[in-house]
There are 2 protein chains.
Amino acid sequence: MSKSLPVVQPGRAGQTPIFEKIGIVGLGLMGGSLALAAREVWPSSLVVGVDEKDVLERGMVRGAIDVGADDLVVIAEADLVVLAAPVAENVRLLHMLDEYVPGEAVVTDLGGTKREMVAAARALPTRFTFVGGHPLAGAARSGIDAARSDLFKGRPWLFTPSGTVHGGAIERLFAFASGVGSVPKLLDPDVHDRLVAFLSHLPQLSASALMRVVGDAVGEEGLQLSGRGLADTTRLASSPARIWRDICATNADHIGEALDLLIADLKALRADLTTGDALERIFESATDWKAKIP
Amino acid sequence: MSKSLPVVQPGRAGQTPIFEKIGIVGLGLMGGSLALAAREVWPSSLVVGVDEKDVLERGMVRGAIDVGADDLVVIAEADLVVLAAPVAENVRLLHMLDEYVPGEAVVTDLGGTKREMVAAARALPTRFTFVGGHPLAGAARSGIDAARSDLFKGRPWLFTPSGTVHGGAIERLFAFASGVGSVPKLLDPDVHDRLVAFLSHLPQLSASALMRVVGDAVGEEGLQLSGRGLADTTRLASSPARIWRDICATNADHIGEALDLLIADLKALRADLTTGDALERIFESATDWKAKIP
């Protein structure tokens, strides 16, 4: 199955391929969307997916992959390996590459935290060039069925190289990320992890906690009276625990700092409900910052 | 000026008026939207606005009011008085009605908390029939410029009568609320205040606190990398402090309970970042509740 030829679709000229054989391990929202986008942009590249059988079938139906298997053997000849599973699983997969991929390859991942992955990649044999990556893209639903080829359009894709990266891998990854519509940027792994602790992880944790507290307090009947305020504030609240467990475990220091700061502000509001001084201070600062979000 | 005739617009038949002269005190997002809607639905009713001069001018330009003044004297003959200022100001206005409105009138308000208003209304002379009200409608921006006649369409409008309400006032207010497109419901004032502490006040406070913490931590440059998750989670973060100061002061017990529960969940997440057990529990519950939001 791994020897299948790429399905060249007539009438779609596509761009010059950057990688010949793209192995994507994990066809969830992110991996699935990248597979769809890659097949659309580079029809002459072979897109190979690794996931469980039912996910592969849905990926095939969606036209996300040329070839798929539930075994890493299928990515043996890949010149680009994209690890698109939750962070802890990506670390485990990284340690298996030596056994399954005999040739040279650029390796990246799509995980939401970068320090642990970058550290784990130091153990890779030198034929692999690893550059951690994190496309800042998302959707309310997860999984291959929510995947879409325009998920990365206009969104930043952060790459976090560590040490010396050989062979033009960064340039190729930048071209690849640009090809699917994103805006690639370089960032230090630790700077990345602190930034996303605030931009992404704290909003996620507070949205889930808020939804749980509100739901438990007012029940299903009470929720029928909720409006767009609660709906927007809790838009992230359906995110899957298994992805966020890994993110929290691999970014606990920065997320801990972010949670402490939020808890401190909520306590200040709590202590001051009748006079409103903390409220005034926090609301004015929030209004200023909100105006600076693009 | 208060004697001006209603501007009957040709070609707009309108519905049978429920009130002849509607006095709206405070032409912000809520009062302004109600004025716009009332003029659209009942062109033969007179819509009279009270606010500062520049707000009245903008209200006139928008076609929100027939008549306006910066003095309560203009609502002397109103048979419906709508107090649409922040809660503490509404309480102050309530005590002025006896002096300015000599005839019988139905009085309601649009404030976000109800117990304090309902208690204050017990001091009104008997020619006034007070029924507290709270349309569950909102928008990202505030003020007359953000007002829109369809703000109430399909949204619940909670009325919180206390004691015996005479003269069919509730029926008339229900017809009025239905006329502008909302779905009127009756609720006990205390039940209302606890419900909105969770559905509205807690999301607002956490959105503002989140925005302040994230902005302070990552700065303007960091915010350029933010995505829809942060944008949605902080959609409410531009809400004006002066409205929320009053809401918090008049609902401190229920909001305090809500904040305590949220702080407790955030602390549980904080304590458990590396194992993820609290995270699993909270995310699963949040996903369940999120699915029950209409």
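These notebook entries record what I looked up in a predicted model.

**Entry 1. The two chains together**

I began with the interface of chain A and chain B. I found 82 residues of chain A in contact with 82 residues of chain B. I then turned to the area of this interface. The size of an interface is often given as the accessible area lost when the parts come together. For chain A and chain B I noted a buried area of about 7,800 Å². Carbon and sulfur atoms give 69% of that area.

**Entry 2. Salt bridges**

I looked next at charged pairs. How many salt bridges does the rule find across the interface of chain A and chain B? I recorded 10 across this interface, and the count over all chains comes to 42.

I followed Asp232(A) in particular. Its side chain meets that of Arg235(B) in a salt bridge, with an N to O distance of 2.4 Å. Asp232(A) also forms a salt bridge with Arg228(A), and here the closest N and O atoms are 3.3 Å apart. I checked where this second pair lies: both Asp232(A) and Arg228(A) belong to helix H8 of chain A, residues 228-233. The two are 4 residues apart, about one turn of the helix.

**Entry 3. H7 and H10 in chain A**

I then examined how helices pack within chain A. The axes of helix H7 (residues 189-223) and helix H10 (residues 252-271) of chain A come within 8 Å and cross at roughly 50°. H7(A) and H10(A) are therefore oblique to each other. I noted that H7(A) passes H10(A) in a right-handed crossing.

Which residues meet in this contact? From H7(A) I listed several, among them Asp193(A), Arg194(A), Phe198(A), His201(A) and Leu205(A). From H10(A) the partners include His254(A), Glu257(A), Leu259(A) and Leu262(A). I sorted the residues of the contact of H7(A) with H10(A) into 9 nonpolar, 3 polar and 4 charged.

**Entry 4. H7 and H9 in chain B**

In chain B I took helix H7 (residues 189-223) and helix H9 (residues 241-249), whose axes come within 12 Å and cross at roughly 125°. H7(B) and H9(B) are therefore oblique to each other. Their crossing is left-handed. On the side of H7(B), I found Ser200(B), His201(B), Gln204(B) and Leu205(B) in the contact, and on the side of H9(B), Trp244(B), Ile247(B) and Cys248(B). The residues of this contact divide into 4 nonpolar, 3 polar and no charged.

**Entry 5. H9(B) against chain A**

Finally, I asked which residues of H9(B) meet helix H11 of chain A. I noted Ala241(B), Trp244(B), Arg245(B) and Cys248(B), which meet Asp277(A), Leu279(A), Glu280(A) and Phe283(A) in H11(A). The residues of this contact divide into 5 nonpolar, no polar and 3 charged. H11(A) spans residues 277-290, and its axis and that of H9(B) come within 10 Å and cross at roughly 145°. I recorded this crossing as right-handed.

Definitions and conventions:
Residues numbered from 1 in each chain as written. Chains lettered and ligands numbered in written order. Predicted model: local features only at pLDDT ≥ 70, side-chain atom pairs only at ≥ 80, totals over all residues. Heavy atoms only, no water. Axes fitted to C-alpha atoms, helices over the stretch in contact; angles between N-to-C directions. Parallel < 35°, antiparallel > 145°, perpendicular 65-115°, else oblique. Left-handed = near helix turned anticlockwise from the far one by under 90°. Contact = heavy atoms within 4.5 Å. Nonpolar A, V, L, I, M, F, W, Y, C, P; charged D, E, K, R; others polar. Buried area = accessible area lost by both parts, 1.4 Å probe. Salt bridge = Lys/Arg side-chain N within 4 Å of Asp/Glu carboxyl O.
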